[in-house]
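Please consult the sequence and the model shown here alongside the text.

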Amino acid sequence: MASMLPTRAARTIACSACRTFTTPGTIGSASLLRRGLSTSTEETPVEYADKPRWSYTPPRAKAPFSLRLNSKSHDFSVNTDPDVLDQFYIRMLGSGGDKLLSDEVKWLAVTHKSFDQGRRGFNDRLAFLGKRIIELQASLALVQSPGNAATTATPDAFDRQPFTHPALDNLNNLSPETKNLMTSKSKLAELAQKYELAKVVRWRPRKPNNLESSGIDLVYAHTMYAVIGAISLEKGGHIANKMARERILEPLGFKVTA
């Protein structure tokens with residue numbers, strides 16, 4: 001028992017010495033020192049306050065190096081001129097179309113998620129909203145359009161007469177096949193080419209030398225939906241419905257009534 005006392009005393013002295021070196025003040029100063037040393041080598045963040053959000057990639061969204069070593073991907077040039085973008089909106093939405101949306105939303109509506117890895121925002125949510133609006137207006141246009149030639153009703157064994165009403169005569173026009181055929185991505189892509197969407201859409205094709213296999217039709221249709229969704233977001237459903245009917249459905253062959 002007596003032989004263990006010196007060992008315990010030495011252990012107590014050592015622990016007390018450790019506590020003196022690790023006081024809260026010491027820990028705080030050490031952490032501040034480490035923090036100062038760690039940030040002293042970082043680059044000073046560039047001031048982007050005077051630049052619009054669509055024109056640059058956020059600095060903290062950039063990796064210090066690329067994870068794809070020896071990448072053979074080619075650059076794909078996209079529009080950066082606001083005047084060219086305004087001319088597209090005038091072609092698509094008519095006179096004053098460049099004034100319907102704010103500058104940031106105008107760029108967001110034509111930006112696909114493949115561009116800059118989505119770091120500048122992309123139009124998926126706008127396209128989701130715009131597609132719902134266009135599908136609704138397409139259904140209403142089909143119901144309100146004149147029906148096909150009246151078909152002869154099948155004679156009933158009990159001489160029962162089916163219910164008829166003028167408001168129900170055109171329901172035969174409303175079918176998923178008809179609506180999908182008239183609003184298919186290929187037809188929307190053809191309409192987008194008439195509006196010269198290719199000059200302003202921002203995306204990065206998987207194969208720059210073969211845009212068709214990279215899904216350009218889907219990107220064009222997606223962007224057309226996004227423009228209508230952006231109008232609904234900023235100007236409301238009334239203006240969005242009007243633009244969907246007049247600038248998309250009528251050129252596609254729908255008989256739209258006001």
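Are α3 and α9 roughly parallel or roughly perpendicular to each other? The axes of α3 (residues 82-93) and α9 pack at an angle of about 90 degrees. Angles of 65 to 115 degrees count as roughly perpendicular, and α3 and α9 are therefore roughly perpendicular to each other.

## Overall architecture

The model is predicted. The secondary structure of the chain consists of nine helices and zero strands, which gives the pattern α-α-α-α-α-α-α-α-α along the sequence.

Of the 258 residues in the chain, 30% are buried. Among contacts between residues at least 6 apart in sequence, 75% join residues at least 24 apart.

## The contact of α3 with α9

The axes of α3 and α9 are 9 Å apart. On the α3 side, the residues that take part are Arg91, Met92 and Leu93, and these meet Met243, Arg247 and Ile248 of α9. By class, this contact has four nonpolar, no polar and two charged residues.

## Helix α7 and its buried side

Helix α7 comprises residues 185-194, and its buried residues are Leu188, Ala189, Leu191 and Ala192. These residues lie on the same side of α7, because the arc that they cover around the axis is only 160 degrees. The exposed residues Gln193 and Lys194 are carried by the face of α7 turned away from its buried side. The cover over the buried residues of α7 includes α8 (216-235) and α9 (237-249). After α7 comes Glu196, which has a positive phi, near 60 degrees.

From α7, the residues Lys185, Leu188, Ala189, Leu191, Ala192 and Gln193 meet Asp217, Leu218, Tyr220, Ala221, Met224 and Tyr225 in α8. The contact of α7 with α8 has nine nonpolar, one polar and two charged residues by class.

Helix α8 is mostly covered, with 14 of its 20 residues buried.

On the α5 side, Asp124, Leu126, Ala127, Leu129, Gly130, Lys131, Ile133 and Ile134 take part; they meet His222, Tyr225, Ala226, Ile228, Gly229, Ala230, Ser232 and Leu233 in α8. The classes in this contact are 10 nonpolar, four polar and two charged residues.

Most residues other than glycine have a negative phi. Asp116 has a positive phi of about 55 degrees although it is not a glycine, and Gln117 likewise has a positive phi, near 55 degrees.

Asp116 is found in the loop between α4 (103-109) and α5, and Gln117 is also found in the loop between α4 and α5. Which of the words buried or exposed applies to Asp116? Its relative accessible area is 15%, and buried means under 20%, so Asp116 is buried. Gln117, at 68% relative accessibility, counts as exposed, since the cut-off for that class is over 50%.

## Pro146 in the loop between α5 and α6

Pro146 is found in the loop between α5 (124-144) and α6 (176-182). Pro146 is exposed, with a relative accessible area of 59%.

Which residues are in contact with Pro146, leaving aside its neighbours within four places in sequence? They are Asn170, Asn173 and Lys255. Pro146 and Asn173 are 27 residues apart in sequence, and their C-alpha atoms are 8.5 Å apart in space.

Definitions and conventions
Residues numbered from 1 in each chain as written. Predicted model: local features only at pLDDT ≥ 70, side-chain atom pairs only at ≥ 80, totals over all residues. Heavy atoms only, no water. Buried < 20%, exposed > 50% of the residue type's maximum accessible area, 1.4 Å probe, protein only. Helix = DSSP H or I, 4+ residues; strand = E, 2+ residues; numbered from the N terminus. Arc of directions from axis to C-beta. Contact = heavy atoms within 4.5 Å. Axes fitted to C-alpha atoms, helices over the stretch in contact; angles between N-to-C directions. Parallel < 35°, antiparallel > 145°, perpendicular 65-115°, else oblique. Nonpolar A, V, L, I, M, F, W, Y, C, P; charged D, E, K, R; others polar.
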